[in-house]
Amino acid sequence: MKPAAARRHELSIALILQDKFTIAAFSGFIDALRLAADDAAKSRQIRVAWKVFAQHRSPVMASCGLRVATEDGLPVPEDYDYIAICGGNSFADAAPAPQLAQLIQRAHRARVGLLGICTGSFAIARAGLIGDRRFCIHWNVAEPFKALFPRAQISVDRIFIDEGDVITCAGSTAAIDLALYLVMRHCGQDRAQQVMRHMMLSQMRPATMPQAHFYQLPPGDSHPRLRRALHFMEQQLDHPPSVGAIARYCGVSVRQLERIFLQALGQTPNAAFRQMRLNYGRYLLSAGTLPVTEIAHIAGFSDAAHFSREFRRAFHETPSAHRRARSHGPDAGS
């Protein structure tokens, strides 16, 4: 990072937009910076500074079709505390980006922090900075990341991971929590609270907050119909479909579907679905203050007693005990 004598701001970040970047992650992150920058909420870059650049050319089109104009060229890493790579739907693009890779490597050599937001983590890995770092990857792109970087340690059970020199974030609204984390580090808790008030947030989610993803594919190549079934099941958590409906969606018979699940997961579709709904219930317990009765209903269980019984069998603790443990657990950034 920049020496203290050279700083004009408490926090400065250069954001590099990749083609088809996700607007939710970018806008949430930069708006948190904007609200932290100025006491009067007038968007003046007083305490926090930022500039937006393009990996290729300006304007950059987001995945939703919105175009964002950027600064010319690429940033000088040494002018900033962090270089943030904001990715999106172009993560699978095999075209080489030597200028970006060289900039990331230069920033790393200069001890400038690197932020991989959404699929921006792919660019950091492509630049050769895998090492023994853990990468926080959005669950929806975990498999492509594994395929491209088999040596990388990845996590889909957190919303961001701070490895000291590299911070990776799952993206979407988790980018707001990452921005708050950085504001709190560089500008203090009062400044972060100011941002939360303006954004109408009740709290900053800790890095250890699990992503809203409730199944895990087995290692290696998975059966395509298994993937299809699991995606379908995850979309129906609050109103579980029958095994027959899942089989019809996948274009197989019930017997074929059960064979696929037993071979790949060692359990029936019903057992896999029950575990998925329990994972969903556990997520809701960790993520908020909904009553257990309401969580049971949302997760597709008949009542709180049914949910509590299955929860204890799966996780060896009651839902209430799990919530108490999470509320008093560590709030670490890694």
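Predicted model: local features only at pLDDT ≥ 70, side-chain atom pairs only at ≥ 80, totals over all residues.

Modeller: The account below begins with the basis of the values, turns to the helix pair and then places it in the chain.

Residues are numbered from 1 along each chain as its sequence is written, and side-chain values use heavy atoms, with hydrogens and water left out.

The part in question is the pair formed by helix α10 (residues 269-287) and helix α12 (residues 304-315), whose axes come within 10 Å and cross at roughly 100°. Here axes are lines fitted to C-alpha atoms, for helices over the stretch in contact, and angles run from 0 to 180 degrees between N-to-C directions. Helices (H or I, at least four residues) and strands (E, at least two) are DSSP runs, numbered from the N terminus. The two helices α10 and α12 are therefore roughly perpendicular to each other, a term that covers 65 to 115 degrees. On the α10 side the contact (heavy atoms within 4.5 Å) is made by R274, Q275, L278, N279, G281, R282 and L285. On the α12 side, F307, E310, F311, A314 and F315 take part. By class, the residues of this contact divide into 6 nonpolar, 3 polar and 3 charged. Nonpolar stands for Ala, Val, Leu, Ile, Met, Phe, Trp, Tyr, Cys and Pro, charged for Asp, Glu, Lys and Arg, and polar for the others, Gly among them.

The chain around this pair has 13 helices and 10 strands. Its C-alpha atoms fill a box of roughly 65 × 45 × 35 Å, taken along the principal axes. With 334 residues, a compact globule would have a radius of gyration near 20 Å, and the 22 Å of the chain agrees with this; the radius is taken over C-alpha atoms, and the globule rule is 2.2 Å times the number of residues to the power 0.38. Among contacts between residues at least 6 apart in sequence, 64% join residues at least 24 apart. Of the 334 residues, 49% count as buried, that is, under 20% relative accessible area with a 1.4 Å probe, protein chains only.

P59 lies in the loop between β2 (48-54) and β3 (60-61).

Definitions and conventions
Parallel < 35°, antiparallel > 145°, perpendicular 65-115°, else oblique. Buried < 20%, exposed > 50% of the residue type's maximum accessible area, 1.4 Å probe, protein only.
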